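Hello,

Here is the structure I promised to pass on to you. Have a look at it first, and then read on for what turned up when I went through it.

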Amino acid sequence: MQINSHNNARHIGSIPPGNWHFENINDDLVQAEKYSKVLWESQTKYQEAKIIQGEFFGRSLILDGKTQSTERDEFIYHESLIHPSFIIHKNPKNIFIAGGGEGATAREILKYRTVQNVTMLDIDEEVVWACKKFLGNHHKGSLEDSRLKLMFGDARQYLEITEDKYDIVVIDVPDPLETGPAYKLFTSEFYQLVQSRLDESGILITQAGPTDPTSADKCFTKVFNTISSEFNLSYPYHAHIPAFGTTWGFVIASNTHIADESKGIDFKLEQAGLHDLSMYDEVTHKGLFSLPRYLRQSIGNENHIIKDNDPLFVD
């Protein structure tokens, strides 16, 4: 959107002239970033998509008006999504990713020497190829790794027909928008399906939406409560993602013992040969799982379970 600061100053403050990407954080809060150009945009079969060159966050993927990741801070999101579960799994070999179009999720997974096979299935081929072309600092060649099998289609349908078992299933899809393709991956029936595709010590990881005081109960607490109703063990955690304008939640779940304590993680990272992380370590792990009181209370008050016949849609 082109802004003339003189004409709009009395209405919206002194926003410098130029092209601006405006994003609703909630009904009463907007975040804006100046951008130099739109590198790519398309109304794909599934969603409105664009990649911009931002002046602050660098290159950003935006789907249906929502920022998915940016060059400047994507490492916070992707390291938080992947490493807390991978570092506690004894031997992650076979991995399934639902979504992950930028390739950054695969990038973090493929850092583990134990990983032998990664099946990445994204519904939107057009978006993935745009990310491959324009977001090289995100994927860093991961989409060409010989251990990665890149496929396109519906992740739920694939899991219904495959006989493969996985050590870890990662759900890295956009929020469950009514107009988007991801809402079927947030229901109790879907989490039952994931269980059937995990091996005995398997772990589910999912992004679960914003966790700020005004938004936590719109998605995060409902997702956590739904997962908790299906798995024996589930752990919520969150991290602040500047580009999202809020803290963001994640959930780890399993039917066997997993621990959320931080003791020994630096040693495990050293043993795994992970020396290039910018976000995650033993101290960070402890902070991720130390939820503030308001969020623990919100989780405790939640009783909604997301169902196929009663799906969750967020704005």
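Let me start with the surface: the chain exposes about 14,400 Å², and carbon and sulfur atoms supply 46% of that area. Please keep in mind that this is a predicted model.

**The chain as a whole**

There are 11 helices and 13 strands in the chain. Its radius of gyration is 19 Å, close to the 20 Å that the globule rule gives for 315 residues, so the chain is as compact as a globular protein of that length. Of the 315 residues, 55% count as buried. As for contacts with a separation of 6 or more, 65% of them come from residues 24 or more positions apart.

**Helix α2**

Next, please turn to α2, which covers residues 74-86. This helix has 13 residues and spans 18 Å from its first C-alpha to its last, close to the 18 Å expected at 1.5 Å a residue. Where does α2 have its kink? You will find it at S80, with a bend of about 30°, shortly before the proline P84. Both S80 and P84 are buried, and α2 is mostly covered, with 12 of its 13 residues buried. Among the buried ones are also E74, I76, Y77, H78 and F86.

On one side of the pairing is β3 (residues 29-43), which joins β4 in the antiparallel sense over 7 bridges. These two strands form a hairpin with 4 residues between them, and one of the bridges links V38 with I52.

β4 also pairs with β5 (residues 59-63), again antiparallel, through 5 bridges. Here K50 has I62 as its bridge partner. The hairpin of β4 and β5 has 4 residues between the strands, and G58 in this hairpin takes a positive phi near 80°.

Best wishes

Methods:
Residues are numbered from 1 along each chain as its sequence is written. This is a predicted model: local features need pLDDT of at least 70, side-chain atom pairs count only at pLDDT 80 or more; totals for chains, interfaces and linings use all residues. Side-chain values use heavy atoms; hydrogens and water are left out. The expected span of a helix is 1.5 Å times one less than its number of residues. The bend at a residue is the angle between axes fitted to the seven residues ending there and the seven starting there. Buried means under 20% relative accessible area, exposed over 50%, partly exposed in between (1.4 Å probe, protein chains only). The radius of gyration is taken over C-alpha atoms; the globule rule is 2.2 Å times the number of residues to the power 0.38. Contact means heavy atoms within 4.5 Å. Accessible areas come from the Shrake-Rupley method with a 1.4 Å probe; for residues, only the protein chains shown count as cover. Two strands pair if DSSP finds at least two bridges between them.
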